[in-house]
Amino acid sequence: MPDLDRVVKEIAEEMRQRPDRGEVASYIPELARVDSDAFGLVVIDAEGRVAAGGDSETPFSIQSISKAFTLTLALGMVGDRLWRRVGREPSGSPFNSIVQLERERGIPRNPFINAGAIAVTDVILSGHQPREALGEILRFMRFLADDSSIVIDEAVAASEQRTGFRNAALAHYMKSFGVIENPVDFTLGVYFHHCAISMSCRQLAMAGRFLAYSGRNPATGHSVVPPERARRINAVMLTCGHYDGSGEFAYRVGLPGKSGVGGGILAIAPGKASIAVWSPGLDASGNSHLGRIALEALTRRLGWSIFGT
């Protein structure tokens, strides 16, 4: 196999030189200020070796990548009962679409579109105050990454709350069908704040390790989730993790992944590595433009696609 460190650094340099960088997410004012030239890539293998390139230590807003972790938490709380409140099918619609909700009586298509993630957040909130639920999510991220310095970017959270009218509409609409059980403002507050968690590529790749190794943290041997649950979370990431660009990502990269409009992508090579990439410029589907290109180059050079070498 090619030297992992060399491959990662080569790809980071190739991405640094590319002129096509996509467009930053301007509809969240704080994200519109991010430097579109930034690029980071980190791969962590089973032995804990870290291969890093570019701006791998720069924190960024993980946005919807947090939904992979809130899904994990909610499944830990209520198990498969979660699937009564949210589906597991690709949406084929933009991440903030309200159209399907009306047709499907308030049940979001999957846990990674905004409506689905708001419903998942509502499950985590049940029986807690918003501050407690948010604390639980943040503690979980710090535990997985083994890093107590991970924080919520309050400026990004406030920016989302000021401009999140579409998300408020989705939440109120689901409330009318009984899918949202808590006060809408409480659920939205927790949702906006967990999307505003700030992490570097290294921290994010560390946090995703359990999904690459059958639900275990390979460094400690500690079981985070049962192997079957890790498999199923990866399956939903593969089919739904990139909104209506999920098929294209599976076709080109061939790994389970979850993107965020902050420009990050967490990708999982089962049994091989946890990967995080960050480039703030987005494509038309709201996924990192260079992030996807970099991951395609990585899986091609290393033969890591789950569909064959």
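Helix α5 is followed by Gly-127, whose phi is positive, near 85°. The model is predicted, so that local features need pLDDT of at least 70 and side-chain atom pairs count only at pLDDT 80 or more, while totals for chains, interfaces and linings use all residues. Residues are numbered from 1 along each chain as its sequence is written, and side-chain values use heavy atoms, with hydrogens and water left out.

Helices here are DSSP runs (H or I, at least four residues), numbered from the N terminus. Helix α5 contains 12 residues and spans 16 Å from its first C-alpha to its last, close to the 16 Å expected at 1.5 Å a residue (1.5 Å times one less than the number of residues). Of its 12 residues, 12 are buried (under 20% relative accessible area, 1.4 Å probe, protein chains only). The cover over α5 includes α3 (66-78), α4 (99-103), α6 (130-145), α8 (165-176) and α9.

The axes of α5 (residues 114-125) and α9 (residues 184-195) come within 9 Å and cross at roughly 110°; axes are lines fitted to C-alpha atoms over the stretch in contact, with angles from 0 to 180 degrees between N-to-C directions. The two helices are therefore roughly perpendicular (65 to 115 degrees). In this contact (heavy atoms within 4.5 Å), Asn-114, Ala-117, Ile-118, Thr-121, Asp-122 and Leu-125 of α5 meet Phe-186, Thr-187, Leu-188, Val-190, Tyr-191 and His-194 of α9. The contact residues comprise 7 nonpolar, 4 polar and 1 charged; Ala, Val, Leu, Ile, Met, Phe, Trp, Tyr, Cys and Pro count as nonpolar, Asp, Glu, Lys and Arg as charged, and the others, Gly among them, as polar.

Conventions. Angles under 35 degrees count as roughly parallel, over 145 as roughly antiparallel, 65 to 115 as roughly perpendicular and the rest as oblique. Buried means under 20% relative accessible area, exposed over 50%, partly exposed in between (1.4 Å probe, protein chains only).
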